[in-house]
Structure formats: structure tokens, C-alpha cells
Amino acid sequence: MIQGFTNVGQYEEALALFHDMEISVFRPNTLTLLSTLSACASHGALEAGSWIHSYVDNNDLNRDGSLDSSLIDMYSKCGDIAKAVQIFEASPRRDLFTWTSIICGLAMHGHGKKVLCYFSEMNESQVSLDKVTMVGVLSACAHAGLIEQGRRYFQSMEKVFGLVPKIEHYGCVVDLLGRMGCLKEAYDLIMGMPMEANEIIWGSFLSACRVHNNVELGEVAARRLLELDPRNPWGRVMLSNIYAEEAKYDRSMGLRKEIKEKGLKKSPGCSLIEVNGSVHGFLVEDNSHPCYNEINSMLEKIEKLMN
């Protein structure tokens, strides 16, 4: 049941069920704990995840280190990368999953050089890597702006490691090249891919065109996004912003008008906060939270104190 709730994204239900199990006569096994830690990681529930970690330690349920990769993943996704590194350094089990968890976790937090150090250690220890490990390495290069290293590792995937690059690997390199302003190289890479680029890749490329004010390639990316998802206004909004920054106001306003006439709307942004082990989500202009009035009242008090 815990695994089922986690698989369908009902993380609070999964965690509640684990707490029910804890006070019952049944003890969780490794599979139960893996599922529960996955729910914490996906939900960003650091407090709940830390409590489960303490439960594991207090009941000596991780003697062989089989839960280390899940603990590293949970702490990384919940924002405590220092704790993730601490667990990795103390782990007696340095297998593919443990290495990949710390590499992807550090990449997520922008620690590119640390990722490359660990990746070098992983190769020296002769642990075989997989496509997920390479996503972490290439993502780390993108976030840290390590363009030469990113190019080198991407080119070595098949020659050195025997891994055929998948669309997610191409996406990481497009992101890297785009961040560094190498838009023509990024475009050539997209057009030379052995598979069709998806919305994520064209969206990343369009964002880079916006940052570097490249109208010509921005138009190409926006057109491709519209072909893939005509009802998503994001491509039009980004292209409108590019036009505005280049003082092409007629084109910018034309796109804004088109968005309004077609009734296109962006998905609202969402913020999450964990309080006393429960994660609360808030959407833009959302008043559905049961404590909405109390939250507004407290915000007004804080605003008065600040003024």
C-alpha cells in the first residue's frame, strides 16, 4: 500500500500509512523503508525523512548500508546536501546506486567540481556507471558552466563507457551550451540528434535565446514548441519577451494579444513548505488552504512590523 501510494504521487497518504504501521505490531522491512524514503524525497518532506532516518538508526535497520542510496537521494531532494554527503562518506556500500545518488544530488545543488571529483573516484574504483550517472555528470557541468568537461564527457559516453546517449543526455548538453552562449553549437546539436527533440530541449534552448537575446534562433525554438504543444502559452510568452527586449514592440504585443484571444493560460506556480511533518502547497492566487484566513492575518501582522 505504501509503495502504491508513492507510485501514484499520494505521498502524504504513504507517510501516514507508515506512521500507522509504526504503532502496529508489524515492523517495516527494507522494501517498506525504501518506499517511504522515496515518498519523502518526492514530497520534499525533510522533517519526515529525518525522522525515518532516526527510526532506521535506532532500530539498526541499515547495518549493510542497503538504505544509503535512498537516504542520500532523500536528503539531496529535500535540500540538505551536506547530510547527503555525510551519509555517502560514511557508507560501507559504494555501489552504482550510492555513487549515482551522490553525483545526482550534488549536481542538483550546483556543486559541479565536487561531482567531477566523485566521478573520477568512481571510475578509479571500477564501479560500472549507467545512463543515470551520466545525466548527473552532464547536469553538473551545465549548472557549473564547465563547458569543456561537459563536451568531453558527452563525447566519451559511447567510446569510453559504452553508453549510447539518450535524449536526456542531449538535453543536458543543450542546456550547457545554451547557458554558455554557444547557441549555434546547441542548435546544430539539436538538429543532429538521432531522435526528435522534445518540449524540454526546445524550451531550454528558447530560454537560452532569451538570455542571450538571439531573436532568429528564438523564433525557430518558439515555432518548434508551438508545433509540439499548441495550447501551451509559454513559448509565445518567451518569444514576446525577446521581441520586447529588442524593441520589436509590435511583434511582442501581437503575441500577447494572440495568447489572450486564444484563452491560453500558464500553469500556476506552486510553493511548498513543511510544517510539523506535513507539506503544504500554495498556488498563485489560491485561497483554498484551510488556514487561508489565519495565514493572511499573520502576513498582515508581519507587514506592519516590517513597516
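A word on the model. It is predicted, so local features need pLDDT of at least 70 and side-chain atom pairs count only at pLDDT 80 or more, while totals for chains, interfaces and linings use all residues. Residues are numbered from 1 along each chain as its sequence is written, and side-chain values use heavy atoms, with hydrogens and water left out.

Which residues of α8 are buried? They are Gly-112, Val-115, Leu-116, Tyr-118, Phe-119 and Met-122. Down the axis of α8 these buried residues fall within an arc of 165°, so they line one face of the helix; the arc is that of the directions from the helix axis to the C-beta atoms. Helices here are DSSP runs of H or I with at least four residues, strands are runs of E with at least two, and both are numbered from the N terminus. On the other side of α8, Lys-113 and Glu-124 are exposed. The cover over the buried residues of α8 includes α6 (81-90), α7 (96-108), α9 (131-144) and α10 (147-161), where contact means heavy atoms within 4.5 Å.

I turn now to the rings. The whole structure holds 11 aromatic pairs. Rings of Phe, Tyr and Trp (its six-membered ring) pair if their centres lie within 6.5 Å; planes under 30 degrees apart count as stacked, over 60 as edge-to-face and the rest as tilted. Phe-88 and Tyr-118 make an edge-to-face pair, 4.9 Å centre to centre with 75° between the planes. Phe-88 belongs to helix α6 and Tyr-118 to helix α8, so this pair ties together parts that are 30 residues apart in sequence. Tyr-118 also forms an edge-to-face pair with Trp-99, at 6.1 Å centre to centre and 70° between the planes. That pair links distant parts of the chain, with Trp-99 in helix α7 and Tyr-118 in helix α8, 19 residues apart. Trp-99 is buried, with a relative accessible area of 2%.

Where does the charged end of Arg-94 sit? It sits over the ring of Phe-88, 4.1 Å from its centre. The charged end of Arg-94 also sits over the ring of Trp-99, 5.5 Å from its centre. The criterion is that NZ of Lys or CZ of Arg is within 6 Å of the ring centre and within 35 degrees of the ring normal.

Thank you.

How values were computed
Buried < 20%, exposed > 50% of the residue type's maximum accessible area, 1.4 Å probe, protein only.
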